[in-house]
Amino acid sequence: MGNSAFTSRRQRRAAVLAAMFSLLAILAGCGSGDSQSTLDEVKDTKVLRVGTEGTYSPFSYHDPGTNQLTGYDIEVITAVAGKLGARAEFVEAPFDALFASLVSDRFDVVANQVTKNAEREAKYALSAPYTVSDGVIITRTDDSSITQLSDLQGKTTAQSATSNWAQVATKAGAKVEAVEGFTQAVTLVKQQRVDATVNDNLAALQYFKTTGDDDVKVAAKTGDTSEQVFAFRQDDGELRDAVNDALNQLRDDGTLASISTKYFDRDVSIGDAGAEAPDQSGPTRSTWELIRDSAGPMALAAIKATIPLTLISFAIGLVIALFVALMRLSSIKAVSGIARIYISLIRGTPLLVQLFLIFYALPALGLTFNPFAAAIIAFSLNVGGYAAEIIRSAILSVPRGQWEAAETIGMGYSTTLRRIILPQAARTAVPPLSNTLISLVKDTSLASVVLVTELLRVAQVAAAPTFQFFALYGVAALYYWVICLVLSLSQHRLETRLERFVAK
Amino acid sequence: MSQDIAVPSGGRSLVTAKGLHKAFGELAVLRGVDFEVDSGTVTVLIGPSGSGKTTVLRSLNALERPDAGVVRIGDVRVDFGQEPAKRDLAALRAQSAMVFQGHNLFPHLSVLENITVGPVVVQGRPEGEVRTEAERLLDQVGLASKAEQYPYQLSGGQQQRVGIARALALRPKLMLFDEPTSALDPELVGEVLTVMKDLAGEGWTMMVVTHEIRFARSVADQVLFMDGGIILEQGAPEAVLVDPQQPRTRTFLHRILDPI
């Protein structure tokens, strides 16, 4: 989806992790020794497993009214599955995670406006196009200085850095400001910070249809077209061919055109669909209505995912940390060495990479965890590494005489630790451990890359079809802040309790 | 032990130490230490710093492991020449209780809990009984009203008296005091020494490392003068403290009693 300006942040992350994907592909390649082809499996089980973002309106998103997954891509692949005699079963994941999940066999096909390019053709089996889009230039409505691509010479445009459209704008002589997504690009245009943004006509169509924004307009076409396709694992050519047959049938019987018209008021499954703003059908919902409708599902995600992920991971992480800290304090070199290596690995690698490895790489070794479990494991190990050093230094802060006094009373190592040392070390450890806990609350937003529907993910899902990213991210931020506030208050109470035996 | 607080009666040897050697790296701190302590007597160890007094005391409680030598307390005998088993060290340790220079009370436990934690957690005695006994011990050291306070709320002398009660609660055969008054303000020294004197009067077997020569003269049955890792002179307090035979002992006493 190189042409979608919605997704640049995700694209950048994906780029960072590209090397890992290749590794995963190799690992998965080694593991896929099963005799049955994916096509046979789909026919046997009557299920086609589909990976999609669920936050990419109008292609793959949740209807704000019903919260059902819907969209152009969703309907097309559902129809395709029907032709194959199967039912489409959807797995939602951020764009970063889609290809990794495809390769590690968590689903069979990616239906998410994947743009056809040479790089992808080399790595995956790609279907025939089911969307063809044109490049358009968007300017302020009152700006008449740009009427064709060459007018961008000397102008400034806002683009996702890694998108195809950034290259198009650069070639035309424009200076490109890198932004995170389409909404941000349009905002910069409206604020007169840049002159224009280049994107595909479908994104523009949807934007106008949803927002009713008349401060900006489509000023010109770029003349480029791009084709969007379904992506399969490289060795699934058979399934791809079957899907192509299905697409042809759907094209012939008019199904594709009718699905397309429903979303875009025209047929985008063939080229040159145009970019004039369609009728503004459907009521535009106010920001407040959107926030009101989304606040509940977001709170639910916080209660069902963010908070349990945080608390369970932190509890397990503390246990790991205690053992690692004690190992690190061991006089046996091999034992303390293992602890050192563990701490070094955890602290020296990005949490995102740890999540990816546990969820996507371990299955190649025969260890498959469900998303929630994988997230718990990754976060627990992460907390374990950081908290181990905190606990170690807290234990060292307890005077030696305390160990001796306990020893002379006849206490063994573990009794001394439990009854004498840890209660005193806790006082030193609580403030830095609280920092770790509060960081963890926000780190759980990374769990969406391993398919956990947590708070931020729900905000993305709600924002996607409405372009109200700022409002919904604001609500998400508020929720995170409230959770952290409650934790800070409990930290304060705990500290007061632990200070009771210390002279003020 | 059937009675509440074991107060062993005097008469026969309770402690034997033979040929204790201990080196910390290159530094030899004990170079062959032998002595006997009879039940119900008070033995005071004196000597310049670094002479090995504290190491002797800590060896008796197995906080320090001598490189060689034999320690016997009561019917527990440990030969440090062979690698002693953990169980034997624990048995030896259970014979005695230690009062530290820096009291080492547990700051997160109340005064009463400091005293009961050993008997309840380690010795597994019933909590109610231990509590009653702890209250009596606190009364004995003059701190009955402080049971529910935390150590930081007490003065240095009071903290040290709690330290003594904590040791007594373990019902040891032997009480070890490692410079119990050295860290105290001078005006607080008296209250601690008074408690110790009372214990001696009750017939407790005690070994005390101290620089309080007057205490030694009035309470000790036996004085050991250590220097350079050996016992240079030993005997009754009148002999060692009033009429020492060794020039080193004389010099040391002179420095202590008349420092200017």
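Strands count as paired when DSSP finds at least two bridges between them; the strands themselves (E, at least two residues) and helices (H or I, at least four residues) are DSSP runs numbered from the N terminus. The model is predicted, so local features need pLDDT of at least 70 and side-chain atom pairs count only at pLDDT 80 or more, while totals for chains, interfaces and linings use all residues. Residues are numbered from 1 along each chain as its sequence is written, chains are lettered from A and ligands numbered from 1 in the order in which they are written, and side-chain values use heavy atoms, with hydrogens and water left out.

**View 1. The six-stranded sheet of chain B.** Welcome to chain B, where six strands form an open sheet with mixed pairing. Reading across, the order is β6-β7-β8-β3-β9-β10. The two edge strands, β6 (96–99) and β10 (230–235) of chain B, each pair on one side only. From one strand to the next, the twist averages 20 degrees. As a reminder, strands of a sheet pair through backbone hydrogen bonds, either parallel or antiparallel.

**View 2. Strands β7 and β8 of chain B, with helix α5 lying across the sheet.** Strand β7 (residues 174–178) of chain B runs parallel to β8 (residues 205–209) of chain B, and five bridges join the two. Look for L176(B), which has M207(B) of β8(B) standing opposite. Helix α5 (residues 156–169) of chain B lies across β6 and β7 of chain B. The angle between this helix and β6(B) is about 170 degrees, using axes fitted to C-alpha atoms (for helices over the stretch in contact) and angles from 0 to 180 degrees between N-to-C directions.

View 3. E233(B) counts as buried because its relative accessibility is 9%; buried means under 20% relative accessible area, exposed over 50%, and partly exposed in between (1.4 Å probe, protein chains only). Leaving aside residues up to four places away in sequence, E233(B) touches V223(B), L224(B), F225(B), V240(B), P244(B), Q245(B), Q246(B) and T249(B), where contact means heavy atoms within 4.5 Å. T249(B) is 16 residues from E233(B) along the chain, and their C-alpha atoms are separated by 7.6 Å.

**View 4. Two loop residues of chain B with positive phi.** A62(B) is in the loop between α1 (53–60) and β4 (68–73) of chain B. Although A62(B) is not a glycine, its phi is positive, near 60 degrees. With 5% relative accessibility, A62(B) counts as buried. R171(B) belongs to the loop between α5 and β7 of chain B. Its phi is near 50 degrees, again a positive value in a residue other than glycine. R171(B) is buried too, with a relative accessible area of 10%.

View 5. Chain A has 19 helices and 12 strands, and 54% of its 504 residues count as buried. Strand β6 (residues 109–115) of chain A is mostly covered, with seven of its seven residues buried. Strand β1 (residues 47–52) of chain A runs parallel to β6(A), joined by two bridges, and here G51(A) stands opposite V110(A). β6(A) also pairs with β12 (residues 216–232) of chain A, this time in the antiparallel sense over four bridges. In that pairing, V109(A) stands opposite F232(A).

**View 6. The largest pocket, with residues from both chains.** About 1000 Å³ of space lies in this pocket. On a 1 Å grid over the protein atoms alone, a pocket is an open set of points with protein on both sides within 12 Å along at least five of seven lines, a cavity is a set where a 1.4 Å probe fits but cannot get out, and lining residues have an atom within 4 Å of a point. Grid points are joined across faces, edges and corners, and a volume is the space filled by probe spheres set on them. Of the 35 lining residues, E407(A), M411(A), Y413(A), K86(B) and R93(B) lie nearest the pocket centre. Two or more lining residues come from each of α15 (371–396), α16 (400–409) and α17 (413–443) of chain A and α2 (86–93) of chain B. α16(A) gives the most, with six residues. The lining has 19 nonpolar, eight polar and eight charged residues, with Ala, Val, Leu, Ile, Met, Phe, Trp, Tyr, Cys and Pro counted as nonpolar, Asp, Glu, Lys and Arg as charged, and the others, Gly among them, as polar.

View 7. A search of the whole structure finds one cavity of 30 Å³ or more. The largest cavity has a volume of about 40 Å³. Its lining includes A405(A), T408(A) and I409(A) along with M98(B), F100(B) and R166(B). The elements giving two or more residues are α16 of chain A and β6 and α5 of chain B. By class, the lining divides into seven nonpolar, two polar and one charged.
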